[in-house]
Amino acid sequence: MNTSRIDFEILTWTQAAEGLRYKSAESEGRRVRLLEFAQGYVEAEPCLKSHAGYVIEGELEIEFNDRTERFGPGDALVINSEPHTAKARAGRVLLFLVEDA
């Protein structure tokens, strides 16, 4: 995709796991994703990728090896490539992410 405007309304959802789906677009080595976590969703395996993002809706908990952080609507986050696991804490979580493709 070679565009500066991404319309998430026309992108289709991809089911990544039970309770987790996303829409994504990629351009020149960068990917943006809109993730939807169902209430109670817990990642099965730790993620090792770096992300920058923004919580649109819900409460997200990110567990690292040495700490746990919670993020709510309006919170931005930057996660370096340290192991982390996401959990949807309250209701549906909508998360916008920017990451290397």
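These questions and answers walk through a predicted model.

Visitor: Which residues is L60 in contact with, leaving aside neighbours within four places in sequence?
Guide: L60 is among the core residues that touch the most other members. Leaving aside neighbours within four places in sequence, L60 contacts F37, E69, R70, F71, A86, K87, R89, V93 and L95.

Visitor: How many residues are in the second, separate core?
Guide: This second core includes L11, V32, L34 and L94. Its residue count is six.

Visitor: Is E28 buried or exposed?
Guide: E28 sits in the loop between strand 2 (20–27) and strand 3 (30–37). Its phi is positive, near 50 degrees. Most residues other than glycine have a negative phi. The relative accessible area of E28 is 75%, and exposed means over 50%, so E28 is exposed.

Visitor: How far apart in space are P83 and L35, C-alpha to C-alpha?
Guide: P83 lies in the loop between strand 6 and strand 7. P83 is partly exposed, at 28% relative accessible area. Not counting residues up to four places away in sequence, P83 touches P46, C47, L48, E63, F64 and N65. P83 and L35 are 48 residues apart in sequence, and their C-alpha to C-alpha separation is 19 Å.

Key
Residues numbered from 1 in each chain as written. Predicted model: local features only at pLDDT ≥ 70, side-chain atom pairs only at ≥ 80, totals over all residues. Heavy atoms only, no water. Helix = DSSP H or I, 4+ residues; strand = E, 2+ residues; numbered from the N terminus. Buried < 20%, exposed > 50% of the residue type's maximum accessible area, 1.4 Å probe, protein only. Core = buried A, V, L, I, M, F, W, Y, C linked by side-chain atoms within 4.5 Å. Contact = heavy atoms within 4.5 Å.
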